[in-house]
Amino acid sequence: NHDSSSSSARASSNEKQDYDFTLPYLEGEGSLSFKELAESGQPFVLVWWLSECPVCHLQLPYVQKLEKLVEDGKADVRIITINIDQGDDDCRAYVKEKGCNFEVLRDERCRRTDRQFKVQDKGTPVTYVFKAGGELVDYMSGWTSEFPSKVLKMLDLPVPDEARSGS
């Protein structure tokens, strides 16, 4: 197993947080808010990353693997990545070069989300997993080749064979 020391902490049930943000899409076509995600009726995952972060480069292919399961109708979860680069040129180049087709929002230097999500304290990549309705299930820092199956297990969703590492 190639996992880094991935830390995880169960959100305590009395820790109900009101998250709030609206961020623009990388491609400049509109924006997306936490409220829209919470009201969508679908569980969702938020993944913060930086283009120059080597650990993010290890994690993002597994985020893409989960996105592929969603596209193939094998997982019901929405994956949103939040790039926190200073400008968007490196992010655009990375997404194009790697052929990423997950959704990418922009939060330059994490100005709009760090206070609520403590991204800079946790480091990148950091992933938050939410139930439909916007209730935080858990978060994880670092990278893991088990990303797709871990996310689906956190949400009590079925884990298809393709979600397991190595497949």
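Modeller: Helices (H or I, at least four residues) and strands (E, at least two) are DSSP runs, numbered from the N terminus. On that basis the protein chain has six helices and eight strands, and from the N terminus on the elements run β-β-β-α-β-α-β-α-β-α-α-β-β-α. This is a predicted model, in which local features need pLDDT of at least 70 and side-chain atom pairs count only at pLDDT 80 or more, while totals for chains, interfaces and linings use all residues. Residues are numbered from 1 along each chain as its sequence is written, and side-chain values use heavy atoms, without hydrogens and water.

Colleague: Why is Gln 59 called buried?

Modeller: Buried means under 20% relative accessible area, exposed over 50%, partly exposed in between (1.4 Å probe, protein chains only). Gln 59 has a relative accessible area of 2%, so the residue is buried. Its place is in helix H2 (residues 54-71).

Colleague: Which residues does Gln 59 touch, leaving aside those up to four places away in sequence?

Modeller: A contact means heavy atoms within 4.5 Å. By that rule Gln 59 touches Pro 125, Gly 142, Trp 143, Thr 144 and Phe 147.

Colleague: What makes a set of residues a nonpolar core?

Modeller: The set must consist of buried Ala, Val, Leu, Ile, Met, Phe, Trp, Tyr and Cys residues joined through side-chain atoms within 4.5 Å. The largest such core has 53 residues, and Leu 46 and Trp 48 have the most contacts inside it. Strand E4 (residues 44-49) gives the most to this core, with six residues.
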